[in-house]
Amino acid sequence: MAATSAHATTADTISTTEGLEALAGEWDALVRAMPRPSPFMLHGWLAEWWRHHGDGLELSVHVARREGELVAALPLVVRKRAGLRVASFMGDRVSVLPDLLLARGADLSVAAPLIERLSSAGSDVVDFHGLPVGSRIASVLGSRLEVIQRVESPVLSLEPDWDTVYRTKTNAKKRNHHKRRRRQLSELGELTITVARELPELAPALEEAFRLHALRWEGRPDGSGFGTPVGMEFHRAALKRLAGIDVARIVTLRLDGRAIAFHYWFALEGCMYVHRLAFDPELARWSPGLVNTLDAIQSAADEGMTRVEYLGGGERYKLELADGLSPLCHGFGLSSGVRGRAYAAAHLATIKTRLRLKRSPRLHRFYFEDLAPARRLVQRGLDASRRALPPRGTR
């Protein structure tokens with residue numbers, strides 16, 4: 001139900017798939033107007049995420065219009081956790097850099113009716129993952145949202161050009177190392193690079209990406225959901241939407257025609273956003289992932305991108321090719337009642353503990369590498385159990 005504010009701004013809450021789809025024509029202009037535009041806030045990405053991951057959730061997309069024009073949006077979902085109603089951005093952990101969306105030139109005042117709707121929506125707490133530093137939603141909520149920096153997220157400027165940047169960020173020894181790795185790979189067979197930008201090339205490249213991702217992450221903790229059955233269906237559908245607006249790119253490194261590394265990234269408002277990458281672990285000694293990353297950045301620069309958003313932790317290869325960090329944050333707040341406040345406090349404490357553990361190389365290696373054989377055995381057992389089940393519909 002729409003409401004009108006004193007500033008002639010109408011507010012409404014979209015709660016159906018049909019209502020969400022109806023916003024397609026005007027939504028992305030708000031995303032492109034973000035200070036740090038997020039490809040994960042694009043309409044096609046959110047709509048497909050909702051179709052594939054929305055079971056059991058409530059859609060709660062708050063929008064504001066002025067003279068009929070969409071001027072602000074807050075794309076949320078509500079889920080039940082431990083008996084609480086928890087509001088979070090659409091996309092959840094699959095998306096980063098979510099924020100309050102505003103039309104170009106609009107100020108934060110147009111979001112006031114959206115915040116009123118959020119506050120009165122009956123949620124016990126908000127759980128906002130992946131926020132940019134200085135996010136609009138944190139500015140609007142102020143002390144009602146406690147924000148903690150969580151992920152380093154290196155960034156790199158590609159100006160004035162990639163060749164200059166590369167030579168500035170690396171010394172002769174490092175550049176020779178990169179050349180040697182490429183030469184060693186080429187000695188194993190014919191080494192080629194493909195850049196997929198249109199759907200007929202992107203679709204098969206994505207299937208190769210799924211295969212490489214499964215090889216790379218076998219037995220290792222992977223919370224991305226990229227290689228799960230639902231995750232794969234979601235990414236196939238989202239890829240079609242993003243290809244339609246010329247945002248998706250997949251750069252693949254091939255050896256004798258076989259994909260040995262991929263780099264899946266998004267092009268938005270002159271920025272390269274790294275999404276997923278992986279390589280064949282059998283070739284790890286020759287660093288195909290690093291070689292392919294250099295190729296991907298080169299392709300982005302050739303296309304006119306001026307900035308790289310790595311959107312992840314501070315892995316060494318990223319830090320070596322970065323200007324600095326632009327962290328991603330986690331926010332909890334708008335807590336109602338003792339249980340809502342307890343939820344926020346417990347999750348903040350957990351995040352702080354994990355951050356401390358990540359600073360320990362020994363614990364990090366134990367979690368990711370030493371436990372890998374046990375995880376592989378467990379996964380194989382689960383896969384065998386699934387294969388033993390009768391087909392769906394015959395149970």
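Which backbone nitrogen does the side chain of Asn 292 reach? Keep that one in mind; the notes below get to the answer.

1. **What you are looking at.** This is a predicted model, where local features need pLDDT of at least 70, side-chain atom pairs count only at pLDDT 80 or more, and totals for chains, interfaces and linings use all residues. Residues are numbered from 1 along each chain as its sequence is written, and side-chain values use heavy atoms, with hydrogens and water left out.

2. **The overall picture.** The protein chain has 14 helices and 16 strands. Helices (H or I, at least four residues) and strands (E, at least two) are DSSP runs, numbered from the N terminus. Of the 395 residues in the chain, 49% are buried. Here buried means under 20% relative accessible area, exposed over 50%, and partly exposed in between, with a 1.4 Å probe and protein chains only. Take the contacts with a separation of 6 or more: 72% of them are between residues 24 or more positions apart. A contact means heavy atoms within 4.5 Å.

3. **Asn 292, as promised.** The side chain of Asn 292 reaches the backbone nitrogen of Phe 262, at 3.4 Å. That is a polar contact, meaning a pair of N or O atoms within 3.5 Å; within protein, one must be able to donate a hydrogen and the other to accept it, and residues adjacent in sequence count only if both atoms are side-chain atoms. Asn 292 belongs to helix 10 and is buried, with a relative accessible area of 1%. Leaving aside residues up to four places away in sequence, Asn 292 touches Val 251, Thr 252, Leu 253, Ala 261, Phe 262 and His 263. His 263 is 29 residues from Asn 292 along the chain, yet their C-alpha atoms are separated by 6.8 Å.

4. **Aromatic pairs.** How many aromatic pairs does a search of the whole structure find? It turns up ten. One of them joins Trp 45 and Phe 234, edge-to-face, with 4.9 Å centre to centre and 80 degrees between the planes. Trp 45 is in helix 3 (residues 43-53) and Phe 234 in helix 9 (residues 229-244), so this pair links parts of the chain 189 residues apart. Both Trp 45 and Phe 234 are buried. Phe 89 and Phe 128 make a tilted pair, 4.7 Å centre to centre with 55 degrees between the planes. Because Phe 89 lies in strand 5 (residues 84-89) and Phe 128 in strand 7 (residues 125-132), the pair ties together parts 39 residues apart in sequence. Phe 89 is buried at 3% relative accessibility, and Phe 128 is buried at 0%. As for the rule, rings of Phe, Tyr and Trp (its six-membered ring) pair if their centres lie within 6.5 Å; planes under 30 degrees apart count as stacked, over 60 as edge-to-face and the rest as tilted.

5. **A cluster, and charges over rings.** Trp 45 and Phe 234 turn up again in one aromatic cluster, together with Phe 40, Tyr 264 and Phe 266. Elsewhere, the charged end of Arg 220 sits over the ring of Trp 217, 4.7 Å from its centre. Arg 249 does likewise with Trp 265, at 5.8 Å from the ring centre. To count, NZ of Lys or CZ of Arg must be within 6 Å of the ring centre and within 35 degrees of the ring normal.

6. **Helix 6 has two sides.** In helix 6 (residues 162-169), Trp 162, Val 165 and Tyr 166 are buried. Seen down the helix axis, the buried residues fall within an arc of 100 degrees, so they line one face of the helix. That arc is taken from the directions from the helix axis to the C-beta atoms. Asp 163 and Thr 168, on the other side, are exposed. The buried residues of helix 6 pack against strand 9 (154-157), helix 7 (172-186) and helix 10 (288-303). Asp 161 caps the N-terminal end of helix 6, with a side-chain oxygen 3.2 Å from the backbone nitrogen of Asp 163.

7. **His 43.** This residue lies in helix 3. At 4% relative accessibility, His 43 counts as buried. Among the residues His 43 touches, not counting those up to four places away in sequence, are Leu 20, Trp 27 and Arg 241.
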